[in-house]
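Please look at the sequence and the structure below before reading on.

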Amino acid sequence: MEKNNSESRYEELIRLALKARELSYAPYSDFCVGACLETKSGKLFSGCNIENAGYTATNCAERTAFFKAVSEGEREFQKIAIVGGKAGRELDYCAPCGVCLQVMEEFCNPKQFEIILAKSEKECQIYLLEDLLPMGFGPGNLTEDR
Ligand code: THU
């Protein structure tokens, strides 16, 4: 897809999250989610939710994006845009589930990592990871010198 020059980086991430959402595989919930994750070096990884007849095997859009990026050697991230809602309905803000927040806590600085919840390219709310997961348990909790 072409990038329009006046488009902000936030709008670009949201647009790519909306595009990823079109690939959502959600036959059980009909709740389709897309995400676009930006690394600190500026690379983008998108993802959608992928459901399963054995419900617990379902993967959220955010984790799809993270696992794609980490499996390509990326470990440092700056922001993620998320869009989600029932297929065919107007979008509302869709916050990440607790498991996805925990994956973010593993790789991101909670005071810097931005979570962009969007309804459209122009309508979004921006949170820090520490806002959505206060007192998160992360890698630092397991180091001896703390
Ligand atoms: N889901 C996500 O992909 N991300 C979220 O932030 C919330 C929930 C998915 C999981 C499942 O496929 C569907 O939405 C309903 O829970």
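The sections below take up the basis of the model, then its salt bridges.

## Basis of the model

This is a predicted model, in which local features need pLDDT of at least 70 and side-chain atom pairs count only at pLDDT 80 or more, while totals for chains, interfaces and linings use all residues. Residues are numbered from 1 along each chain as its sequence is written, and side-chain values use heavy atoms, with hydrogens and water left out.

The structure holds seven salt bridges, a salt bridge being a side-chain nitrogen of Lys or Arg within 4 Å of a carboxyl oxygen of Asp or Glu. In one of them Glu12 pairs with Arg9, with 2.8 Å between the closest N and O atoms; both residues lie in helix H1 (residues 9-21), three residues apart, or about one turn of the helix. Helices (H or I, at least four residues) and strands (E, at least two) are DSSP runs, numbered from the N terminus.

Glu12 counts as buried at 10% relative accessibility, whereas Arg9 is partly exposed at 27%; buried means under 20% relative accessible area, exposed over 50%, and partly exposed in between (1.4 Å probe, protein chains only).

## Pairs across the chain

Lys122 forms a salt bridge with Glu11, the closest N and O atoms being 3.0 Å apart. Lys122 lies in the loop between strand S4 (114-120) and strand S5 (123-128) and Glu11 in helix H1, so this pair ties together parts that are 111 residues apart in sequence.

Glu38 and Lys79 meet in a salt bridge at 2.5 Å, N to O, linking strand S1 (residues 31-39) with strand S3 (residues 77-86). Salt bridges that share partners join Arg9, Glu12, Glu38 and Lys79 into one network.
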